[in-house]
Amino acid sequence: MVIYGVADTMKLVESGAVGKIVCFEDLNYIRIKLRNNETGTIMTTYVRPEQASNPEIYKDKDTGVDLEKIEEDNEPSSLPEWLSIHYKDYGCEIEFVTDKSPEGTQFLKGFSGLGGFLRYKVDFEHIFNDDAEYEEEEDDFIKFCREHRAMLLSWREYWGERYLPEKPN
């Protein structure tokens with residue numbers, strides 16, 4: 001399995017799920033580390049250099065609290081440079097690609113210049129959906145169907161199409 005896009009790839013790199021990072025050598029992204037002084041939470045965001053002056057980056061999306069930029073001495077802000085130093089910290093390999101080949105150009109345009117090969121299957125909905133806390137209660141029938149989906153599909157194979165409703169998409 002693969003992942004692509006700067007934010008998604010970096011989220012999985014930080015979680016340890018990426019085995020090999022593929023990065024465009026001149027990727028125009030920087031890494032900004034931020035601290036929420038009310039909660040003490042430290043987070044990292046990845047933006048294009050021209051977006052670094054956007055005040056929205058320095059506000060907590062949930063509470064509106066101002067976030068403090070953490071200056072890291074001797075750390076490059078350029079994402080490709082930072083990755084070239086720290087990829088081993090996450091147990092990854094790294095490959096840099098150029099846009100001087102058709103494949104490199106396609107990677108840059110199609111996958112935004114950063115991607116990775118995953119070590120194992122990842123539940124993307126759980127990782128990338130911040131609202132995956134299942135706030136709403138599901139009714140009993142939906143819960144039953146989710147819990148017994150494999151059994152229902154095997155019944156379909158045994159009894160044939162005439163006894164069961166259509167397959168879910």
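Modeller: Start with one term. pLDDT is the predictor's confidence in each residue, on a scale from 0 to 100. It matters here, as this model is predicted.

Biologist: What is the mean pLDDT of the protein chain?

Modeller: The mean is 80. Of the residues in the chain, 73% reach 70 or more.

Biologist: Where is confidence lowest, and where is it highest?

Modeller: The lowest is helix H6, residues 149-159, with a mean of 48. Strand E2 is highest, at 95.

Biologist: Over which residues does pLDDT stay under 50?

Modeller: One such stretch is residues 131-138. The model gives this stretch 5 contacts beyond four places in sequence. Residues 150-156 are also below 50.

Biologist: Now the strands. How do E3 and E4 pair?

Modeller: The general idea comes before the case. Strands of a sheet pair through backbone hydrogen bonds, either parallel or antiparallel. Here E3 (residues 30-35) and E4 (residues 42-47) are antiparallel, with 6 bridges. Ile 32 faces Thr 45 of E4 across the pairing. Leu 34 has Met 43 as its bridge partner in E4. The hairpin of E3 and E4 has 6 residues between the strands, and Gly 40 there takes a positive phi near 80°.

Biologist: How many bridges join E3 to E5?

Modeller: There are 3, and the two strands run antiparallel. E5 covers residues 68-70. Leu 34 stands opposite Lys 69 of E5.

Biologist: What is the order of strands in this open sheet?

Modeller: The order is E4-E3-E5, a sheet of 3 strands. E4 and E5 are the edge strands, each pairing on one side only. On average, neighbouring strands are turned by 40° against each other, direction ignored.

Biologist: Next, helices. Which residues of H1 are buried?

Modeller: They are Val 6, Thr 9, Met 10, Leu 12 and Val 13. Here is the general idea for reading such a list. An α-helix has 3.6 residues a turn, so residues three or four places apart point the same way. In H1 the buried residues fall within an arc of 165° seen down the axis, so they line one face of the helix. Just after H1, Gly 16 takes a positive phi of about 90°.

Biologist: And which residues of H2 are buried?

Modeller: Leu 79, Pro 80, Trp 82, Leu 83 and His 86. Their arc around the axis is only 160°, which puts these residues on the same side of H2. They pack against H1, E2, E3, E4, strand E6 (93-97) and E7.

Biologist: In the largest nonpolar core, which residues touch the most other members?

Modeller: That core has 22 residues, and the answer is Val 18, Ile 21, Leu 27, Leu 79, Leu 83 and Leu 114. Two or more residues each come from H1 (6-15), E2 (18-24), H2 (79-86) and E7 (114-118). A second, separate core has 8 residues, including Ile 32, Leu 34, Val 47 and Ile 57.

Biologist: Leaving aside neighbours within four places in sequence, what is Leu 83 in contact with?

Modeller: Its partners are Met 10, Ile 21, Cys 23, Ile 94 and Leu 114.

Key:
Residues are numbered from 1 along each chain as its sequence is written. This is a predicted model: local features need pLDDT of at least 70, side-chain atom pairs count only at pLDDT 80 or more; totals for chains, interfaces and linings use all residues. Side-chain values use heavy atoms; hydrogens and water are left out. Two strands pair if DSSP finds at least two bridges between them. Helices (H or I, at least four residues) and strands (E, at least two) are DSSP runs, numbered from the N terminus. A nonpolar core is a set of buried Ala, Val, Leu, Ile, Met, Phe, Trp, Tyr and Cys residues joined through side-chain atoms within 4.5 Å. Buried means under 20% relative accessible area, exposed over 50%, partly exposed in between (1.4 Å probe, protein chains only). Contact means heavy atoms within 4.5 Å. Axes are lines fitted to C-alpha atoms, for helices over the stretch in contact, and angles run from 0 to 180 degrees between N-to-C directions. The arc is that of the directions from the helix axis to the C-beta atoms.
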